[in-house]
Amino acid sequence: YSHRTALMMALASANRSFQMVVPFFNSPLLVKHLIRTARRFKKEGRDPSKIRIVITGNATQPGTSDFFTNHYAFLLQREGISVEAWKPSRPGEKYSETAVHHAKSWIVDNKIAYLGSANANVRSLVQDWEVGVLTDEKSFVKDVSKKIFDADRKYCEPVMIRPAWQRRIGHAINILMGPGL
């Protein structure tokens, strides 16, 4: 399967949780499927906040990733999905402002994990060739959960939603330039 097919199948089969960490998040297709999954969770009596997206951001151009993705964060948060930003700089912490978190990973129901090169953007889902490991091997899933998601949880905070006019401008630019971003 392609990464996109595997990701869409993972969202469709999620029963308890879905976690994703990526530096680039600007795919309208993925947002549509995440919203569909959140609505299914609600309809079936499950908590959509168990769908957790961590955007680590573009370390080479601070602020740009947030500008292009904020519209999507707004739509997802409105559905009850947890959308967080990885903020490594805390006084007295081991990370610094220049830290880069470039992992691309997702976990479904703590049973299946993906770790690879694919971002959650148009290029990775449609244009680029990506490489990754997708497995239900228990120790791998546990390691990805522990070493990526659990280790950085304390460095995450909810994405702050920008004013509507900024979200609209960022979204328009993203749609026009999305395949190139």
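This is a predicted model: local features need pLDDT of at least 70, side-chain atom pairs count only at pLDDT 80 or more; totals for chains, interfaces and linings use all residues.

Colleague: What makes strand 4 and strand 5 a pair?

Modeller: Pairing takes at least two DSSP bridges between two strands. Four bridges join strand 4 to strand 5 (residues 112-116), and the two run antiparallel. Val108, for instance, stands opposite Ile112. A strand here is a DSSP run of E with at least two residues, and a helix is a run of H or I with at least four, numbered from the N terminus.

Colleague: And how do you know that strand 1 pairs with strand 4?

Modeller: By the bridge count again: four bridges join strand 1 (residues 18-22) to strand 4, also antiparallel. Val21 has Ser105 as its bridge partner, and Gln19 stands opposite Ile107.

Colleague: Which way do the residues of strand 4 point, and are they buried or exposed?

Modeller: Ser105 and Ile107 point one way, Trp106 and Val108 the other, and all are buried (under 20% relative accessible area with a 1.4 Å probe, protein chains only; exposed is over 50%, partly exposed in between). In a regular strand the side chains alternate between the two faces of the sheet.

Colleague: Why are strand 6 and strand 7 called edges?

Modeller: The open sheet has seven strands in the order 6-5-4-1-2-3-7, with mixed pairing. Strand 6 (132-135) and strand 7 (156-158) each have a single partner strand, so one side of each is left without a neighbour in the sheet.

Colleague: Why are helix 1 and helix 2 called roughly parallel?

Modeller: Helix 1 (residues 3-13) and helix 2 (residues 28-43) pack at about 15 degrees, with axes 9 Å apart. Roughly parallel is under 35 degrees, roughly antiparallel over 145, roughly perpendicular 65 to 115 and the rest oblique; the two helices are therefore roughly parallel. Their contact (heavy atoms within 4.5 Å) includes Leu7 and Leu11 of helix 1 and Leu30 and Leu34 of helix 2.

Conventions. Residues are numbered from 1 along each chain as its sequence is written. Side-chain values use heavy atoms; hydrogens and water are left out. Axes are lines fitted to C-alpha atoms, for helices over the stretch in contact, and angles run from 0 to 180 degrees between N-to-C directions.
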